[in-house]
Amino acid sequence: MTEKKVLNLRFGAIALMVLLAAFSRLLPHPPNFAPIGAMALFGAAYFSQRYLSFAIPIASMWLSDLVLNNVVYSQYFDHFVWFYPGCYWTYGVFILIGLIGLITLKRIKFQNLILASLLASILFFLVSNFGVWFSTNMYPKDFSGLVTCYTAGLPFFKNTIIGDLVYSGALFGAFEFAQRRMPSIQLKNSQI
């Protein structure tokens, strides 16, 4: 098989896994138990073209957001929602998590994946809660309001950590298994 065909099959497999992870958000789950950090890390680790490391996971998340906001949560909106309030904080932290993946997952090892996943969870907690404090009127715009916002987010933090670890394990484990079973998506240089 030519290298170009391998790259195309590999790209398709990676993109499909990211898309499936994004749409797993439609399944019932505990609050914040989601594949967001794992998708960003997975894309960063396996896409050879760096812009795809960010573009494919963000596009997949945006598509799943369209369904979530306009079907699942449609009762909360009085119009079609292309971008929900606060999405820029989520997509921004998604890019930062991708950068963590580029740095920590140059070599995909168990300990690197655990570290990247935990860093992704912490970063998501810090940025998303700051975004809620900054972008809404839920909390006073002072240090006390910021602390209150972070405190209110603490019960969800555990699920963020567990979700990132579980989804990272599932995505990375499934792809490593698939590479061993299907040489057509495997490269000689273990990563692209």
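How far apart are the mean positions of the 13 positive and 6 negative charges of the protein chain? They lie 16 Å apart, where Lys and Arg count as positive and Asp and Glu as negative, while His and the chain ends are not counted; the place of a charge is taken as NZ of Lys, CZ of Arg, CG of Asp or CD of Glu.

This is a predicted model, in which local features need pLDDT of at least 70 and side-chain atom pairs count only at pLDDT 80 or more, whereas totals for chains, interfaces and linings use all residues. Residues are numbered from 1 along each chain as its sequence is written, and side-chain values use heavy atoms, with hydrogens and water left out.

**The whole chain**

The protein chain has 6 helices and 0 strands, and from the N terminus its elements follow the order α-α-α-α-α-α; here helices (H or I, at least four residues) and strands (E, at least two) are DSSP runs, numbered from the N terminus. The radius of gyration is 18 Å, close to the 16 Å that the globule rule gives for 192 residues, so the protein chain is as compact as a globular protein of that length. This radius is taken over C-alpha atoms, and the globule rule is 2.2 Å times the number of residues to the power 0.38. Of the 192 residues, 46% count as buried, a term that means under 20% relative accessible area, with exposed meaning over 50% and partly exposed in between (1.4 Å probe, protein chains only).

| Residue | Relative accessible area | Class |
|---|---|---|
| Ser-24 | 12% | buried |
| Asn-32 | 34% | partly exposed |
| Asn-159 | 16% | buried |

Ser-24 is found in the loop between α1 (3-23) and α2 (36-46), and its side chain reaches the backbone oxygen of Ala-21 at 2.5 Å. Leaving aside neighbours within four places in sequence, Ser-24 is in contact (heavy atoms within 4.5 Å) with Pro-35 and Tyr-167.

Asn-32 also lies in the loop between α1 and α2. Most residues other than glycine have a negative phi. Asn-32, although it is not a glycine, has a positive phi of about 70 degrees.

Which residues does Asn-159 touch, not counting those up to four places away in sequence? Asn-159, whose place is in helix α6 (residues 143-181), touches Pro-30, Pro-31, Asn-32 and Phe-33.

Key
A polar contact is a pair of N or O atoms within 3.5 Å; within protein, one must be able to donate a hydrogen and the other to accept it, and residues adjacent in sequence count only if both atoms are side-chain atoms.
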